[in-house]
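Good morning, colleagues. Please turn to the sequence and the structure on the screen, and I shall begin with a question.

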Amino acid sequence: MRKYPLTDTRWHSIINNDTTADNKFFYGVKTTMIFCKPSCHSRKPARENVLIFKTAKEAQAANFRPCKRCQPTGNVPNTEWVDEITHFIDTNYQRKLTLDRIAEECHGSPFHLQKVFKRENGYTPAQYLTTIRLAKAKELLKNSGLSVKSIALRVGFSSDTYFITVFKQRNNQTPDEFRLENV
Ligand SMILES: [Zn+2]
């Protein structure tokens with residue numbers, strides 16, 4: 001595939017959300033594999049991660065997905081977006097994740113993202129995040145000798161007390177009780 005250079009003019013169009021550059025080129029961000037119109041208001045990418053495409057088709061051929069916010073191909077189906085959000089949570093649950101952070105990384109507004117995610121799944125991104133963290137914690141309780149505190153922090157909870165509270169609410173037993181039963 002032909003490579004187009006990221007000229008200073010193009011870079012300025014991207015960082016200034018220049019609508020006059022729309023449809024003249026598209027830019028993909030290597031770290032997220034999402035591509036945008038120059039005018040997109042998503043978080044500014046690092047210049048070294050930007051790839052330029054002449055058409056949306058070229059970006060898609062290079063495995064970039066259209067941004068949900070600026071919709072460079074028209075409409076992104078919600079199911080596809082929800083898959084993307086789910087994948088993002090699955091691979092980043094160990095980090096400190098807020099709704100704002102998830103929305104920023106998945107290119108949408110927090111309110112809209114939460115609404116669409118909940119409509120598709122019946123639960124919020126935060127509830128899903130907790131489910132993933134608890135499932136990972138159970139694996140570690142069963143298969144590792146790590147302390148409850150280390151497990152709590154490793155799966156992304158801010159403290160072990162909070163982890164124990166949430167664990168008990170969902171499972172009707174403490175992590176220690178669960179471990180005793182399952183080792
Ligand atoms: Zn965009």
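Which residue in β4 does I34 stand opposite? I34 stands opposite R65. Please bear in mind throughout that this is a predicted model.

Four strands form an open sheet in the order β3-β1-β2-β4, and the pairing is mixed. The edges are taken by β3 and by β4, residues 65-66, each of which pairs on one side only. As a general point, strands of a sheet pair through backbone hydrogen bonds, either parallel or antiparallel.

I shall now go through the pairings one by one. Between β1, residues 26-29, and β3, the strands run antiparallel and four bridges join them. Strand β3 covers residues 50-53, and within β3 the bridge partner of F26 is F53. On to β2, residues 34-36: three bridges join this strand to β1, again in an antiparallel arrangement. Here V29 has I34 of β2 as its bridge partner. The parallel pairing is that of β2 with β4, which two bridges join.

Let us look at β1 itself. How do the residues of β1 point, and are they buried or exposed? F26 and G28 point one way, Y27 and V29 point the other way, and all are buried. In general, the side chains of a regular strand alternate between the two faces of the sheet.

Q71 lies in the loop between β4 and α3, the latter being residues 78-92. Why does Q71 count as partly exposed? Q71 does so because 15 C-beta neighbours lie inside 10 Å, and that number falls between the limits of 12 or fewer for exposed and 20 or more for buried.

N172 is exposed, because 9 other C-beta atoms are within 10 Å.

Thank you for your attention.

How values were computed:
Residues numbered from 1 in each chain as written. Predicted model: local features only at pLDDT ≥ 70, side-chain atom pairs only at ≥ 80, totals over all residues. Pairing = 2+ DSSP bridges.
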